[in-house]
Each structure stands twice: as C-alpha cells, then as structure tokens.
Amino acid sequence: MEIDTQVEMAPLSELVGDLIRAANRVENLSEADRVRLLGRAYVTILRAREQIGDEAERYRQSSINLISATGLVRRLSEQDVKALLLDAAKMIRTIKIVLDAKHAE
C-alpha cells in the first residue's frame, strides 16, 4: 500500500492511517518522505486548530515540537521519527474527535 506524503487537507482518518503505516515502515522511508509526512501532519494540525478555536491551545506545543523536528529529520534516529509520526497520528485522531463533537453540537 502506498503512503500519501502530499501536503493537503485530506480526510483526517486517512492521514492518521498514513502516519501509522509510515511509522511501521520508517526504515523504508526516505528523508524527503519523512519531512513531507511530518510537514503534512503539521499543516493539518494548524488548519484543524483554527477550526477548534479555544481548545486549540493544548495542541500548540506539540505542533511546535513537530515542526521543529521536521527541520532535524536527518539527525533523528528511526525510533525518534517513528515516535514523532505516532505522536502526530495520536494528535490528529484526538483533533478529529474534538471536531466531530463540535460539529455534532
């Protein structure tokens, strides 16, 4: 299965799946793919934060850490990249739950 590394506001569930698949195969990802996936996660988190409003503050530090790491990908171990991908997936999954609840109101 191919992993989509393009920066777009794809369905959040799809992005979570891409991040988890990438984390499970991190040794097969090029540096460029790692940067694109982390960047894609960061952009998605920023865009989603705008929709969440007041509740977005709790995601601020995590997204800053994510974008900081994107610039350092070549210096990170595979385990560090895997952890970042899984953290991003967890963050986006949580944001999706918050957005779904907000839209259900």
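This is a predicted model: local features need pLDDT of at least 70, side-chain atom pairs count only at pLDDT 80 or more; totals for chains, interfaces and linings use all residues.
Let me start with Glu-27, which touches Arg-34 and Glu-78 once residues up to four places away in sequence are set aside, where contact means heavy atoms within 4.5 Å. Glu-27 sits in the loop between helix 1 and helix 2, helices here being DSSP runs of H or I of at least four residues, and strands runs of E of at least two, numbered from the N terminus. At 46% relative accessibility Glu-27 counts as partly exposed, on a scale where buried means under 20% relative accessible area, exposed means over 50%, and partly exposed lies in between, with a 1.4 Å probe and protein chains only. Glu-27 and Ser-77 are 50 residues apart in sequence, yet their C-alpha atoms are 9.8 Å apart in space.

Residues are numbered from 1 along each chain as its sequence is written, and side-chain values use heavy atoms, with hydrogens and water left out.

As for the overall picture, the secondary structure comes to four helices and zero strands, and along the sequence the pattern reads α-α-α-α. Of the 105 residues in the protein, 40% are buried, and among contacts between residues at least 6 apart in sequence, 76% join residues at least 24 apart.

Val-73 counts as buried, at 2% relative accessibility.

Let me turn to the helix pairs. The axes of helix 2 (residues 31–52) and helix 4 (residues 78–104) come within 10 Å and cross at roughly 25°, the axes being lines fitted to C-alpha atoms, for helices over the stretch in contact, with angles running from 0 to 180 degrees between N-to-C directions. That makes helix 2 roughly parallel to helix 4, since angles under 35 degrees count as roughly parallel, over 145 as roughly antiparallel, 65 to 115 as roughly perpendicular and the rest as oblique. Helix 2 passes helix 4 in a left-handed crossing, a term that applies if the near helix is turned anticlockwise from the far one by less than a right angle, clockwise being right-handed. On the helix 2 side the contact includes Arg-34, Leu-37, Ala-41 and Ile-45, and on the helix 4 side the residues include Glu-78, Leu-85, Ala-88 and Ile-92. By class, this contact has 15 nonpolar, three polar and three charged residues, with Ala, Val, Leu, Ile, Met, Phe, Trp, Tyr, Cys and Pro counted as nonpolar, Asp, Glu, Lys and Arg as charged, and the others, Gly among them, as polar.

Helix 1 (residues 12–24) and helix 2 have axes that come within 11 Å and cross at roughly 150°, which makes helix 1 roughly antiparallel to helix 2. Leu-12, Leu-15, Asp-18, Leu-19 and Ala-22 of helix 1 make the contact with Leu-37, Arg-40, Ala-41 and Thr-44 of helix 2, and these residues divide into six nonpolar, one polar and two charged. The crossing of helix 1 and helix 2 is left-handed.

That brings me to charge pairing. Side chains of opposite charge can pair when their charged atoms come close. The count here comes to five salt bridges, a salt bridge being a side-chain nitrogen of Lys or Arg within 4 Å of a carboxyl oxygen of Asp or Glu.

Being three residues apart in helix 1, Asp-18 and Arg-21 are separated by about one helical turn. Asp-18 has a relative accessible area of 3%, whereas Arg-21, at 27%, counts as partly exposed.

Finally, within helix 2, Arg-36 and Asp-33 lie three residues apart, about one turn of the helix, and their side chains meet in a salt bridge at 2.6 Å, N to O. Arg-36 is partly exposed, at 34% relative accessibility. Salt bridges that share partners join Asp-18, Arg-21 and Arg-40 into one network.
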